[in-house]
Amino acid sequence: MSDKIHKRMQDITLGVNDTPIALPKSVFVQATRANRLSIVGTLVNPRKQNMKAQINHLPRVWGMEDTVVGRIVDAWKFQFVFQSEESLNLVLRHGPWSFSEWMIVTHKWIPNMSHSTMKSIPLWTQIHGIPSQYLTLEMVNVIGRSLGHVSGVDFNENATRINYVRVRLDWNIDHPLRFKREFQFRHNESAILSFYYERLRNFCSICGMINHEKKECSLRFDVGEDDDDAPEDNDEDNANHGADHNDDGNQDDENPDLNENDNVKMEKKKIMKIDARLIASISCLSEAFSEKYFSLILDNDMSAET
Ligand SMILES: [Zn+2]
């Protein structure tokens with residue numbers, strides 16, 4: 001019988017109901033002390049990120065290959081052990097970090113770290129487009145909180161020139177990123193604000209999730225043969241990205257060789273594609289989020305009809 005079969009035979013519950021074995025408190029305290037100077041994290045796209053390669057790579061990026069030890073904790077989690085609090089904080093301060101062009105989650109280790117903490121990445125987010133007459137610290141906070149949990153604000157009310165404000169959002173990696181949202185400041189006075197996520201790497205430009213690429217998106221709709229021309233991987237630069245970005249690689253220019261009917265057909269195809277994606281995007285949002293989104297669309301439709 002092979003070792004493999006012998007090993008599998010032992011995968012049974014015999015003994016699980018025996019009296020629990022109490023471990024000495026001193027050992028527990030020592031383990032806590034050993035972990036105190038460490039960062040734990042997960043990969044957001046394990047299909048594209050090799051855990052072992054990442055463990056070796058990041059300490060070199062930090063210039064700490066001789067002092068930081070990385071190890072794989074389980075299939076989803078890794079840990080970096082530091083020699084000093086200063087170097088650990090330095091790494092966290094310069095995050096969030098990425099590997100193979102995809103984000104990774106990193107947090108300072110604490111006992112009993114919650115599952116939700118391991119799902120969040122602190123993202124400094126630039127908010128562009130707040131009308132200057134409404135630009136106050138409280139307004140920035142309110143807008144930031146409408147996007148997610150705010151753990152920091154970078155805004156000086158006394159600055160002489162402000163192009164944008166920054167908020168640090170603890171972004172849940174299970175939620176889709178949004179890049180433009182309409183905000184109503186007063187009745188009949190609204191503005192579309194744009195968001196730029198600093199240090200963000202690849203994301204799906206169809207649904208906004210950061211854990212898969214566009215070609216793996218379950219919301220991808222193939223509504224025409226021309227989709228075969230779409231690029232394989234088009235997780236474009238965040239700086240150039242927006243909700244209105246034409247990300248499918250199709251040319252916007254009309255083809256002069258096509259007759260009028262062909263042009264109309266192409267135009268309809270484009271509209272169908274946009275509508276399908278819009279509906280699909282809504283369906284993947286959380287319930288509360290989609291309610292707000294639906295009401296915005298309904299408001300827009302009603303105002304367009306009047
Ligand atoms: Zn997607």
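Asn112 counts as exposed because it has 4 C-beta neighbours inside 10 Å. You will find Asn112 in the loop between β5 and β6. Its phi is positive, about 55°, although Asn112 is not a glycine. Most residues other than glycine have a negative phi, and most peptide bonds are trans.

Before going on, please note that this is a predicted model, in which local features need pLDDT of at least 70, side-chain atom pairs count only at pLDDT 80 or more, and totals for chains, interfaces and linings use all residues. Residues are numbered from 1 along each chain as its sequence is written.

Ser100 lies in the loop between β4 and β5. With 15 C-beta neighbours inside 10 Å, Ser100 counts as partly exposed. What is the peptide bond from Gly95 to Pro96, cis or trans? This bond is cis, with omega near 0°. Pro96 sits in the loop between α4 (85-93) and β4.

**The chain as a whole**

The chain's secondary structure comes to 7 helices and 10 strands. Both are DSSP runs numbered from the N terminus: helices are H or I with at least four residues, and strands are E with at least two. Of the 306 residues, 18% count as buried. Among contacts between residues at least 6 apart in sequence, 58% join residues at least 24 apart. Two residues are in contact if their C-beta atoms, placed from the backbone, lie within 7 Å.

**A sheet of five strands**

Now look for the open sheet of 5 strands, whose order is β2-β3-β1-β5-β4 with antiparallel pairing. Strands β2 (69-72) and β4 (98-99) stand at the edges with a single partner strand each, so one side of each is left without a neighbour in the sheet. Two strands pair if DSSP finds at least two bridges between them. Within this sheet, Thr42 stands opposite Val105 in β5.

Lys77 is found in strand β3 (residues 77-81). Lys77 counts as partly exposed because it has 16 C-beta neighbours inside 10 Å. Which residues does Lys77 touch, not counting residues up to four places away in sequence? They are Val40 and Thr42. Lys77 and Val40 are 37 residues apart along the chain, yet their C-alpha atoms are separated by 7.0 Å.

Helix α3 (residues 51-61) lies across β1, β2, β3 and β4, and runs at about 165° to β2. For such angles, axes are lines fitted to C-alpha atoms, for helices over the stretch in contact, and angles run from 0 to 180 degrees between N-to-C directions.

| Strand pair | Number of bridges |
|---|---|
| β1 (residues 38-43) and β5 (residues 102-108) | 5 bridges |
| β6 and β8 | 9 bridges |
| β7 (residues 149-154) and β8 | 5 bridges |

In β8, the bridge partner of His128 is Tyr164, and that of Val150 is Leu169.

**Nonpolar cores**

How many residues does the largest nonpolar core have? This core has 29 residues, and those with the most contacts inside it include Val44, Met103 and Phe203. Strands β5, β6 (120-128), β8 (164-172) and β10 (189-197) each supply at least two residues of this core. A nonpolar core is a set of buried Ala, Val, Leu, Ile, Met, Phe, Trp, Tyr and Cys residues joined through C-beta atoms within 7 Å. Leaving aside neighbours within four places in sequence, Met103 is in contact with Val44, Pro96, Ser98, Ile121, Arg201 and Ile210. A second, separate core of 6 residues includes Phe80, Phe82, Leu88 and Val91.

Finally, helix α2 (residues 25-36) is hardly covered: the count of buried residues among its 12 residues is 0.

Key
A residue is buried if 20 or more other C-beta atoms lie within 10 Å of its own, exposed if 12 or fewer, and partly exposed in between; C-beta atoms are placed from the backbone.
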